[in-house]
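Dear colleague,

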Amino acid sequence: MVRSSVMLTCILGALALAGCGGRSNTLPDYESGAEGGGAAEGADTRGADGRGIGVFEEEGAAGGQQALLDQLIVYFEYDQSEVPAQYNEMLAAHGRYLSSNPEARIRLEGHADERGSREYNIGLGERRSQAVRRILMLQGASAEQLSTVSYGEERPAALGSDEEAYSLNRRVEIVYRQ
Amino acid sequence: MTEKNATARIEGPLRALRIGVMAMLALCAAAADAQLNIEIRRGVARPVPIAVVPFGWQGSGPAPFDIAELVATDLANSGRFEPLPPSDMIARPTEPVQVNFQDWRVSDVDVLVIGRLVQSGPDDYTAHFQLFDVLRGQQLLGFRLTSSGEDLRATAHRIADMVFEELTGIQGVFGTQIAYISEQRNAAGVARYQLIVADADGANAQVIADSPQPLMSPAWSPDGRRLAYVSFEGNQSAIYVQTLRTGTRQRVSAREGINGAPAFSPDGRRLALTLSRDGNLDVYTLDITNQVLRQLTNSPAIDTEPAWAPDGESIYFTSDRSGGPQIYNVSSEGGRAERVTFEGSYNSRPRVSPDGEQLAVVHQNQGNFRIAVVDPDNGLTQVLSNGQQDESPSYAPNGAVLIYATRENGKGVLASVSSDGLIQQRIASGEGDVREPAWSPFPRP
């Protein structure tokens with residue numbers, strides 16, 4: 001909702017058609033596109049120079065790229081600020097997007113679960129958003145594209161005092177700004 | 001409440017700044033929806049039996065306020081007194097000459113309060129009261145207090161404070177206030193955050209700030225006239241200092257990154273606060289008048305939650321430099337920090353008792369987060385509360401009671417405990433979650 005599909009259309013170049021319907025949450029399209037890790041992996045290796053992403057990709061791969069960019073939340077283990085390896089591809093995709101779109105801006109919103117004191121949890125949320133920020137910068141995003149904010153436990157995604165809610169609340173949300 | 005009228009006047013050396021309607025902050029004080037109610041869970045083993053006889057009334061029309069009822073409620077809420085219900089009173093004296101001590105001895109009452117309210121002008125009242133030791137047949141106190149009609153509630157708290165102090169030797173806190181954060185969600189799940197100030201008994205709850213973005217960490221100035229707090233309006237944290245009487249506020253810190261955990265110095269001139277550079281949290285002090293910033297800690301760890309020692313010489317704070325959060329102490333001029341807590345793997349958010357002898361902290365104990373008090377000289381730790389997620393302890397200005405936040409049936413509620421752990425209360429609100437209570441200083445005359 002925050003990132004314009006017009007922009008996506010640009011980088012996807014020849015595959016604009018595939019990208020067009022992109023921002024909706026029509027999962028079946030993406031599922032077919034992102035089948036397996038293969039398509040996304042292909043995108044990975046080509047992203048390094050930050051140019052021409054998708055131009056040489058197959059239609060399915062573009063869908064995979066799109067699906068990765070649609071993922072906007074990184075979840076963390078208890079008391080951890082290390083980004084789990086499962087988010088490498090997703091963050092690589094966002095990093096490449098930012099690198100190819102210097103005018104794009106995102107805000108990284110760090111959160112913690114409700115256990116412990118509130119201002120300390122602001123610190124934990126900040127640590128998490130900084131961890132995501134570092135990875136995005138390694139992937140080519142520039143510092144001025146990235147801002148961080150930590151809400152600690154103040155804005156839970158899930159209400160409740162159980163492990164399920166806690167695991168949904170320990171997170172960093174990537175927010176594309178207009 | 002004028003939600004649309006969201007323009008706050010920002011004073012001070014920062015350039016004048018208008019808070020847009022987008023922030024939707026209603027800064028005028030408005031009555032809060034959430035009224036707090038105090039319920040005693042555990043009192044002292046033998047509360048003092050007391051009778052507070054309904055006051056006499058001399059004036060036109062019905063009595064404007066039931067002073068005796070509020071005095072009795074205050075004393076009962078302290079957990080240290082057991083008032084005799086008026087229906088069980090076999091006499092109702094309002095003047096000293098009417099007191100027959102034998103009436104009260106047979107009712108097993110140890111102390112007696114009588115009084116009368118006299119109207120001396122259209123909006124001028126004088127409350128007379130006397131406190132008697134029933135067993136010895138002696139008057140202990142006798143006072144006359146004048147007030148307007150609007151201040152009769154405060155007058156009743158003042159009488160309760162005087163009675164409490166005479167009988168316990170501890171200064172009463174019935175006339176103080178509590179600031180806290182309330183969060184309510186509408187049917188669509190959209191949250192609304194409010195900073196509220198209420199009397200210590202929960203009455204007169206007033207909304208001080210109201211926002212769709214989180215508000216947190218309220219902290220009183222030592223004169224009780226201002227509150228510092230954190231607001232996330234505009235998707236960024238900033239620290240504001242708001243004058244309660246006028247509603248005007250000053251944005252004192254909106255630096256890149258985190259602006260959190262404000263705490264006024266004992267002289268009211270500086271704030272200790274948490275800032276982050278490149279995502280690393282450290283504790284600083286900020287002179288509010290000239291904006292001079294001083295960095296007190298410099299570690300790659302999370303350093304936050306500063307609390308001043310009463311003498312202003314040092315600052316306690318939370319740091320996870322040893323791996324998990326523990327309490328440290330550093331000179332308020334900066335320098336090397338010394339670790340204070342060693343019991344348990346999690347100690348955070350210190351608050352210093354008014355006499356400086358004790359710290360209240362959040363302490364993890366067998367998987368539960370509880371309020372504990374720590375002797376800063378030897379690290380000795382005593383757990384006071386028994387919840388699962390107790391947090392945000394705040395000392396009453398007399399040091400005898402702590403208020404804190406806990407969860408009960410999935411709801412955020414406030415609770416209090418005496419600093420010896422003997423008296424426990426729950427303070428529930430009607431709707432939504434309440435949290436982060438901060439007890440005001442004693443009112444200044």
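This is a predicted model: local features need pLDDT of at least 70, side-chain atom pairs count only at pLDDT 80 or more; totals for chains, interfaces and linings use all residues.

Residues are numbered from 1 along each chain as its sequence is written, chains are lettered from A and ligands numbered from 1 in the order in which they are written, and side-chain values use heavy atoms, with hydrogens and water left out.

The largest pocket holds about 1,400 Å³ of space. Here a pocket is an open set of points on a 1 Å grid over the protein atoms alone, where a 1.4 Å probe fits and protein lies on both sides within 12 Å along at least five of seven lines, and lining residues have an atom within 4 Å of a point; the volume is the space filled by probe spheres set on the points, which are joined across faces, edges and corners. Its lining has 41 residues, and those closest to the centre are A154(B), G175(B), Q177(B), D199(B) and P443(B). Helix α3 (152-168) of chain B is among the elements that supply at least two residues, and α3(B) gives the most, with nine; helices (H or I, at least four residues) and strands (E, at least two) are DSSP runs, numbered from the N terminus. Because domain 1 (21-37 + 176-439) and domain 2 (38-168) of chain B both give residues to this lining, the largest pocket lies between them, the domain bounds coming from an automatic or database assignment.

The second largest pocket has a volume of about 810 Å³. It is lined by 34 residues, and W220(B), F264(B), V352(B), Y395(B) and W439(B) lie nearest its centre. Strands β12 (215-220) and β32 (433-439) of chain B are among the elements that give two or more residues to this lining.

Turning to the helices, α6 (residues 88-100) and α7 (residues 118-138) of chain A have axes that come within 8 Å and cross at roughly 60 degrees, the axes being lines fitted to C-alpha atoms over the stretch in contact, with angles from 0 to 180 degrees between N-to-C directions. That makes α6(A) oblique to α7(A), where angles under 35 degrees count as roughly parallel, over 145 as roughly antiparallel, 65 to 115 as roughly perpendicular and the rest as oblique. In chain B, helix α1 (residues 67-77) packs against α3(B) at about 50 degrees, with the axes 9 Å apart, and these two helices are therefore oblique to each other.

With best wishes
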